[in-house]
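The following note concerns the charged side-chain pairs of the model shown below. Please read the points alongside the coordinates.

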Amino acid sequence: MERLLMKGNEALAEAAIRAGCKCFFGYPITPQTEISAYFAKNMPKRNGVFLQAESEIAAVNMVLGASAAGVRAMTSSSSPGISLKSEGISYLAASDLPCVIVNVQRGGPGLGGIQPSQSDYFQAVKAAGHGDFHLIVYAPASVQETVDMTYLAFENADRYRMPVMILSDGLLGQMMEPVSFPDTEIKLPEKEWACTGHKHRRTHNIINSLYLQPDMLEKSVNDRFMRYERVKSECTLSEEYLCSDADIVVTAFGASARIARSAVDSARKKGIRAGLFRPKTLYPFPETELKASCRNASAVLCTEMNMGQMVYDIRLILENTLPVEFYGRTGGNIPSPEDILTQIEKMNRRIKGGALSGSSI
Amino acid sequence: MLTKIILSGFGGQGILFAGKNLALCGMNSGCEISWLPSYGPEMRGGTANCSVCISDDPIGSPLVTVPDIAVVMNTPSFDRFEPVVASGGHLFVDSSMTDRVSARNDIHCHYIAASETAEKNGISGMANIIILGRMIAECKELLPWITVDTVKGAVKGLVSGNKEKLITQNMTALSIGAIGAAS
């Protein structure tokens with residue numbers, strides 16, 4: 001298969017077009033803008049719609065409209081812009097509408113900075129808007145994976161009728177790597193629920209997120225959560241690296257996981273049995289797989305480009321059976337493999353000295 | 001084998017282009033590669049840099065902190081990257097753009113008046129490619145995948161369309177750089 005040299009952001013946009021995305025609505029923000037720019041250049045030539053909206057809020061609601069009409073649609077932004085979109089995301093989830101939302105994360109809170117960050121884990125996984133709902137959240141760690149997950153995102157958005165988020169960051173969006181696009185032909189599913197005009201041949205479809213009767217609303221939420229159970233059993237993805245004999249399991253997602261992998265390799269060269277567990281879906285979280293990867297571990301180190309967010313899920317899943325420590329940088333700073341190696345070495349010394357064990361937390 | 005490279009200088013000197021060229025050479029030789037540009041405040045303030053990794057194996061961190069090879073094309077870049085070059089590594093300095101001289105004796109330093117040479121040869125703006133030519137010639141052990149010919153191939157891939165003149169200028173710059181290494 002032909003290997004092309006592409007930026008993460010551009011490869012994502014190309015993958016979306018190939019996956020059948022017909023409408024892109026966005027508003028520029030660094031470090032995400034190449035996605036919009038790619039769509040702006042290519043959608044008119046490829047029978048699609050690119051529209052730069054007047055704001056992030058307008059863009060996400062245009063996605064709602066396009067999706068209600070049965071079209072594959074997406075929007076993208078970076079952290080502050082995603083906060084603005086959160087109302088629309090909640091409405092999309094409540095209306096059971098498929099769509100893809102991309103967050104190329106930058107440092108926060110507030111306008112923050114423009115350098116890479118992972119500080120929107122909580123937002124993506126726990127509270128992408130108000131109300132009881134979830135998004136499927138993909139966390140790619142390379143340009144190739146960004147492409148592969150974009151195809152998956154559109155497919156699963158349609159399959160489960162729900163919004164899907166691709167949680168990228170400034171590092172993955174801006175970097176170039178070799179990438180190949182699969183030749184698979186995209187089969188778009190029938191959408192009997194879509195508002196495409198009933199032509200007097202059926203009763204009209206309604207897309208709605210308002211239920212004034214508590215019992216009706218409760219039923220709609222319960223039905224959605226039944227679907228989430230299917231999502232959990234069918235969509236979970238993860239990767240483990242050198243975990244089977246690992247004393248120390250490092251957990252990391254996205255860009256952090258690449259850096260952690262370099263640190264794990266260096267630790268192995270120094271005789272430390274380190275391994276890496278990487279969730280590729282953050283919702284649903286690969287709980288069983290995490291437990292399996294930690295089966296022989298003495299301790300876990302969670303590294304993230306934030307102040308410690310995924311670490312809460314790691315601790316919850318491992319139920320205090322292992323000490324779980326955290327190392328992170330924030331504000332747009334990227335930890336170096338050497339920084340993480342230093343943490344692994346410190347933990348290793350404490351394990352060997354008996355100062356770190358399951359009962360010490 | 002993994003080789004980590006940083007290229008740095010002012011915006012407009014073709015730092016990112018030279019890095020892309022190296023990355024494309026690596027990819028065309030069947031290697032794993034990554035190219036990571038600076039896109040932050042430093043770029044907006046006028047200096048730019050990019051990290052390039054070329055490897056036989058999958059690449060972990062694409063951010064280079066301790067380069068095996070560093071190209072510095074202005075004084076701020078020299079001050080930032082000269083101290084962090086890996087011991088035994090190579091430092092390429094555009095001596096037309098900075099008077100700085102390294103005091104380190106554990107790295108190979110190459111001072112090339114690349115901008116002046118480019119000007120004299122009627123290919124101003126090609127200092128980056130002159131240095132690239134020199135790098136390929138001097139760092140054969142660190143860059144076993146890359147020859148002047150693979151770079152020429154990559155240039156053709158990057159400078160597309162009817163920019164024949166630019167391609168010729170790039171070729172001239174590469175040759176000037178390579179000759180500098182031999183003399």
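How far apart are B:Glu138 and B:Arg134 in helix α5 (residues 127-138) of chain B?

1. In chain B, these two residues lie four residues apart in helix α5, and therefore about one helical turn separates them. Helices here are DSSP runs of H or I with at least four residues, and strands are E runs of at least two, numbered from the N terminus. B:Glu138 and B:Arg134 form a salt bridge with closest N and O atoms 2.9 Å apart; the term denotes a side-chain nitrogen of Lys or Arg within 4 Å of a carboxyl oxygen of Asp or Glu. B:Arg134 is buried at 15% relative accessibility, whereas B:Glu138 is partly exposed at 26% (buried: under 20% relative accessible area; exposed: over 50%; partly exposed: in between; 1.4 Å probe, protein chains only).

2. The model is predicted: local features need pLDDT of at least 70, side-chain atom pairs count only at pLDDT 80 or more, and totals for chains, interfaces and linings use all residues. Residues are numbered from 1 along each chain as its sequence is written, chains are lettered from A and ligands numbered from 1 in the order written, and side-chain values use heavy atoms, without hydrogens and water.

3. Over all chains, the structure holds 25 salt bridges. One of them joins A:Arg278 to A:Glu145 at 2.7 Å, N to O. This pair links distant parts of the chain, 133 residues apart: A:Arg278 belongs to strand β11 (residues 274-279) and A:Glu145 to helix α6 (residues 143-160). A:Arg278 is buried at 6%, and A:Glu145 is buried at 11%.
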